[in-house]
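Here's a quick briefing on a predicted model.

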Amino acid sequence: MTAFLMTLLMLTLSGIWQQDATFQVITADNAEALSEVSVLGRGAVLAMDWSPDGSTLAVATARGVWLVDESLQTVRETLIRRYVQDVRWSPDGNYIAVTSRWRGCWVEVWSSDFRQLRFAAEVCGEQIAWRPQSDRPTLALFNTDLYANEVPIIDVIAGAIEVVVGQDGIWSS
């Protein structure tokens, strides 16, 4: 891997020097003109959850979600290629929920093979908790804000969100 990265760096530098490119110092005035051109790797792991049958591990990273086996070999690529804070399998293994509060709040619920988006909403949540042994797939989103006093409860089939407010305005620890 090190040899690959060194080769990539040398090829990149040789291309830059051959093109006789001019470089600018990055400042507050020109920083917004920067754009990401490439990313190496899958990003830092932020959350993981085993499927109920123990065969597949869903891995949430700063670059998306991957499904891997026990030897960490990719089982399935997913369509999610953005920062994901939490990932959780439903108790029956039919759904996978992902959420983030980075660059906007969102939650998505996918079929277990990530081929069908079953639910999506712009709602804040950092951690996912599925209702166990329910006849309807339902999840709750938890926020770690000290004074967060609302918990969204999501019915995946109905596509409904009910917001439960904590007692006395905050959830006690």
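C124 is partly exposed, with a relative accessible area of 28% (buried means under 20%, exposed over 50%, partly exposed in between, using a 1.4 Å probe and protein chains only). C105 is partly exposed too, at 21%. Some ground rules: residues are numbered from 1 along each chain as its sequence is written, and side-chain values use heavy atoms, with hydrogens and water left out. As this is a predicted model, local features need pLDDT of at least 70 and side-chain atom pairs count only at pLDDT 80 or more, while totals for chains, interfaces and linings use all residues.

**The disulfide**
- Searching the whole structure turns up one disulfide (a pair of cysteine sulfur atoms within 2.5 Å).
- C105 and C124 form a disulfide, with their sulfurs 1.8 Å apart.
- The link of C105 and C124 is right-handed, with 65 degrees about the S-S bond.
- C105 sits in the loop between β6 (95-100) and β7 (106-111), and C124 in the loop between β8 (117-121) and β9, so the pair ties together parts 19 residues apart in sequence.

**The sheet**
- Four strands (DSSP runs of E, at least two residues, numbered from the N terminus) make an open antiparallel sheet, ordered β9-β10-β11-β12.
- At the edges are β9 (127-130) and β12 (160-165), each pairing on one side only (to pair, two strands need at least two DSSP bridges between them).
- From one strand to the next, the twist averages 25 degrees (axes are lines fitted to C-alpha atoms, and angles run from 0 to 180 degrees between N-to-C directions).
- β10 (residues 138-142) and β11 (residues 150-155) pair antiparallel over three bridges.
- L139 has I154 in β11 as its bridge partner.
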